[in-house]
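Here is a short report on one structure. Look over the sequence and the model, then read on.

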Amino acid sequence: VQSLNISNCGAITNDISNALNRYSSLATLDVTNCVKLTQFSFDHVTTILSDLAGVTTVNCPALEALPTPCVRFQCLKFAAPMLLTVVFQGVTLTPREFTFLGTSAALTSVSLVNCRVSGLDILLKRLRRLTSLSVHGSKGVTDVDIQAVCCTVTSVDLTDNFGVTDKSVARLAEFAHLREVTLKRCSNVTDAGLAKFEHHDKLEYLNLLGARKITVLAVHRLIAALPALATVVHETVLTPSVH
């Protein structure tokens, strides 16, 4: 058995861990809406489908992916050192939660959608392999957090983050591997910040829609300066493709 779906099984309890841990081949486990399953202690599972609602313990040494958006985070213990991807949606995350998540130092993709956060830098300082960061619509993200992002990042989405300024853009412009940047409705990013990308010859995608402090002149200056910039999204660009 490599994949097991026991979603919506309301009678499943934490005792199932003992049975499932006998199967070293079990890689994918769907426990969506298993309301009595509050402890994830699976030795071999690499992918778990669950929104983590009501889960108090995650102890999964082989876990690599939590593809289902996590709508709650009530864990008192979180140990998933091999975790690569995680998505949170509409969750309040504080330094306590980010300290827990920081034990998953292998994370390469972190997505916080419409979350309320404080102390995100605690997590980002630990992630030396991060390639994708999205804080789309999340409240509380600041320049301090972005300063902690690792230079391995290739894609960043800062949509609707009013606490992000030109300081963050200057930091992102230092990343040689960066390919995609979304600054959609980042109202405190200006022409001065955008100009930091003028020597970034690897940038391929840039979304500036609704970034009201960025002018038409600055956008077209950047387009002219960057030959690899294939897609720009902005009110003054009639087509997303600029080359």
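## Terms and basis

Two strands pair if DSSP finds at least two bridges between them. Helices (H or I, at least four residues) and strands (E, at least two) are DSSP runs, numbered from the N terminus.

This is a predicted model, in which local features need pLDDT of at least 70, side-chain atom pairs count only at pLDDT 80 or more, and totals for chains, interfaces and linings use all residues. Residues are numbered from 1 along each chain as its sequence is written, and side-chain values use heavy atoms, with hydrogens and water left out.

## A parallel sheet

Strands of a sheet pair through backbone hydrogen bonds, either parallel or antiparallel. Here, 3 strands form an open sheet in the order S3-S5-S7, and the pairing is parallel. Strand S3 (39–40) and S7 are the edge strands. Each of these pairs on one side only.

S3 pairs with strand S5 (residues 57–59) in the parallel sense, over 2 bridges. Phe40 stands opposite Val58 in S5. Phe40 is buried, with a relative accessibility of 2%. Buried means under 20% relative accessible area, exposed over 50%, and partly exposed in between (1.4 Å probe, protein chains only).

## Aromatic pairs

A pair of aromatic rings is described by the distance of the centres and the angle of the planes. Rings of Phe, Tyr and Trp (its six-membered ring) pair if their centres lie within 6.5 Å. Planes under 30 degrees apart count as stacked, over 60 as edge-to-face and the rest as tilted.

The whole structure was searched, and 3 aromatic pairs were found. Phe40 and Phe42 have ring centres 5.8 Å apart and planes at 35°, so this pair is tilted. Phe42 is buried, at 1% relative accessibility.

How far apart are the ring centres of Phe73 and Phe88? They are 5.5 Å apart, with the planes at 85°, so the pair is edge-to-face. Phe73 lies in the loop between strand S6 (65–70) and strand S7 (77–79), while Phe88 lies in strand S8 (residues 85–89), so the pair ties together parts that are 15 residues apart in sequence. Phe73 counts as buried at 8% relative accessibility. Phe88 counts as buried at 1%. Ring pairs also bring in Phe78: Phe73, Phe78 and Phe88 are linked into a cluster.

## Salt bridges

Side chains of opposite charge can pair when their charged atoms come close. A salt bridge is a side-chain nitrogen of Lys or Arg within 4 Å of a carboxyl oxygen of Asp or Glu. The structure holds 5 of them. One of them joins Glu97 and Arg96, with the closest N and O atoms 2.9 Å apart. Glu97 is buried, with a relative accessible area of 8%. Arg96 is partly exposed, at 37% relative accessibility.

Asp160 forms a salt bridge with Arg185, and their closest N and O atoms are 2.6 Å apart. This pair links distant parts of the chain, 25 residues apart. Asp160 sits in the loop between strand S13 (155–157) and helix H5 (166–172), and Arg185 in the loop between S14 and H6. Asp160 is buried, at 17% relative accessibility. Arg185 is partly exposed, at 34%.

Glu204 forms a salt bridge with Arg179; here the closest N and O atoms are 3.9 Å apart. This pair also links distant parts of the chain, 25 residues apart: Glu204 in the loop between H6 and strand S15 (205–207), Arg179 in the loop between H5 and S14. Glu204 is partly exposed at 38% relative accessibility, and Arg179 is partly exposed at 25%.

Most residues other than glycine have a negative phi, and most peptide bonds are trans.

Asn8 is placed in the loop between strand S1 (3–5) and helix H1 (16–20). Asn8 counts as exposed, at 54% relative accessibility.

## Around Ser187

Where is Ser187 found? Its place is the loop between strand S14 (180–182) and helix H6 (191–194). Ser187 is buried, with a relative accessible area of 9%.

Ser187 and Ala211 are 24 residues apart in sequence, yet 5.1 Å apart in space, C-alpha to C-alpha. Contact means heavy atoms within 4.5 Å. Leaving out residues up to four places away in sequence, Ser187 touches Phe162, Arg212 and Lys213.
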